[in-house]
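Subject: Structure handover

Hello,

Here is the structure I promised to pass on. Please open it first, then read my notes beside it.

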Amino acid sequence: VGVIQMIDNGAFSDMRDGFVEEITGKYTGGEVEILDRNAQGDAAALNTICQEMADSGADVIATIATPATQAMVNMELDTPVFFIAVSDPVGAGVITDMEYPDKNATGTSNAIPVEDIFALSDQLTPGCETYGILYNTSEVNAVNTAANAKEYLEGAGLSYVEAVVTNSSEVQQAAQSLAEEVDAIFVPNDSMIQSAMPLVAEVAREAKIPVYGSSAVMVDSGAFATIAISDREIGAMTADMALEYLNGTSVEEIPSVVVPASDTVINKTTADQLGITFSDEVADSAVFVEDAR
């Protein structure tokens, strides 16, 4: 079983661990060998890894998030690809129909609940009228989620300012430019920004504005809050789909699924620095974390 990820971060590691633990624990047809590869953020290395995986004789290949999935599916192999946490599989071009997967690929989608996250902002930090949207233009998942955010904000009569980056060295300056203009920052599901979240969080804390992220790992790294899914759970769900295939079900008969986000996750360290307090309802229902830094 091949496992490919584009970059190291806490969310991707949890997804990988959830997948590996589930498939090694439940497969009954023999011993499972895991071929685990990480491109460390290098697109050229990712392409090399995909070619090596194609030549490896793996029975199935799991890809974590959109860039790795696109790179692997585009090779048009006979080996099936089971993707983990691709926010918009159809928009990313890795399948054309969620119910009837093609391109020898299927898996799980972590579609970001944009409307719910902005509703959370209205609840926790009411009065935000201008949002910053910070994302990397080379990640289609981030671009699509940013487009959904802009559509929502326009419909709600709210303003937004975009700051886009093309590499990690631009993130801190982009965050600083937003902090001067906005009441809060929204970060889509973007692996580059997620890896640089401690820098973004530091800028936002100094400016006394909240950052709403798209994953629990962003909140662990200093973002203020989000509505999140369990990364281990989405990895395990994808492993169960791969097990269906290994037990005889064709890929086309295994629909891709959207895993709903349900947990409100709040960084208590950030909340304290921003001076934000919570109602009893929020205090009783949310998951509170401290800085992982």
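Some ground rules come next. This is a predicted model, in which local features need pLDDT of at least 70 and side-chain atom pairs count only at pLDDT 80 or more, while totals for chains, interfaces and linings use all residues. Residues are numbered from 1 along each chain as its sequence is written, and side-chain values use heavy atoms, with hydrogens and water left out.

**Helix α8**

Helices (H or I, at least four residues) and strands (E, at least two) are DSSP runs, numbered from the N terminus. Buried means under 20% relative accessible area, exposed means over 50%, and partly exposed lies in between (1.4 Å probe, protein chains only). In α8, the buried residues include Met197, Val200, Ala201 and Ala204. Val203 and Arg205 are also buried there. An α-helix has 3.6 residues a turn, so residues three or four places apart point the same way.

**Salt bridges**

Side chains of opposite charge can pair when their charged atoms come close. A salt bridge here is a side-chain nitrogen of Lys or Arg within 4 Å of a carboxyl oxygen of Asp or Glu. The whole structure has nine of them.

Start with Arg205. It forms a salt bridge with Asp291, with the closest N and O atoms 2.8 Å apart. Arg205 lies in helix α8 (residues 197–207) and Asp291 in the segment after β13 (287–289), so the pair ties together parts that are 86 residues apart in sequence. Arg205 counts as buried because its relative accessibility is 8%.

Next, look at Asp36 and Arg16. Their closest N and O atoms are 3.7 Å apart in a salt bridge. Asp36 sits in strand β2 (residues 35–38) and Arg16 in helix α1 (residues 10–26), so the pair links distant parts of the chain, 20 residues apart. Asp36 is partly exposed, at 36% relative accessible area. Arg16 is buried, at 18%.

Lys26 and Asp240 also meet in a salt bridge, at 3.7 Å from N to O. Lys26 lies in helix α1 and Asp240 in helix α10, so this pair ties together parts that are 214 residues apart in sequence. Both ends are partly exposed: Lys26 has a relative accessible area of 49%, and Asp240 has 29%.

**Met237**

Helix α10 (residues 231–246) also holds Met237. Met237 counts as partly exposed because its relative accessibility is 29%. Contact means heavy atoms within 4.5 Å. Leaving aside neighbours within four places in sequence, Met237 is in contact with Thr108, Val257 and Val259. From Met237 to Glu253 it is 16 residues in sequence and 16 Å in space, C-alpha to C-alpha.

**Cores and cysteines**

A nonpolar core is a set of buried Ala, Val, Leu, Ile, Met, Phe, Trp, Tyr and Cys residues joined through side-chain atoms within 4.5 Å. The largest one has 74 residues, and Ile4 and Phe19 have the most contacts inside it. A second, separate core of 27 residues includes Leu178, Met197, Ala228 and Val289.

How many disulfides are there? The count is zero, where a disulfide is a pair of cysteine sulfur atoms within 2.5 Å. Cys50 is buried at 1% relative accessibility, and Cys128 is buried at 9%.

On a 1 Å grid over the protein atoms alone, a cavity is a set of points where a 1.4 Å probe fits but cannot get out. A pocket is an open set with protein on both sides within 12 Å along at least five of seven lines. Lining residues have an atom within 4 Å of a point. Grid points are joined across faces, edges and corners, and a volume is the space filled by probe spheres set on the points.

There are two cavities of 30 Å³ or more.

The largest pocket holds about 330 Å³ of space. It is lined by 17 residues, and Met6, Gly41, Asn136, Ser138 and Glu139 are the closest to its centre. α2 (43–54), α3 (65–73) and α7 each supply at least two residues of the pocket lining.

Best wishes
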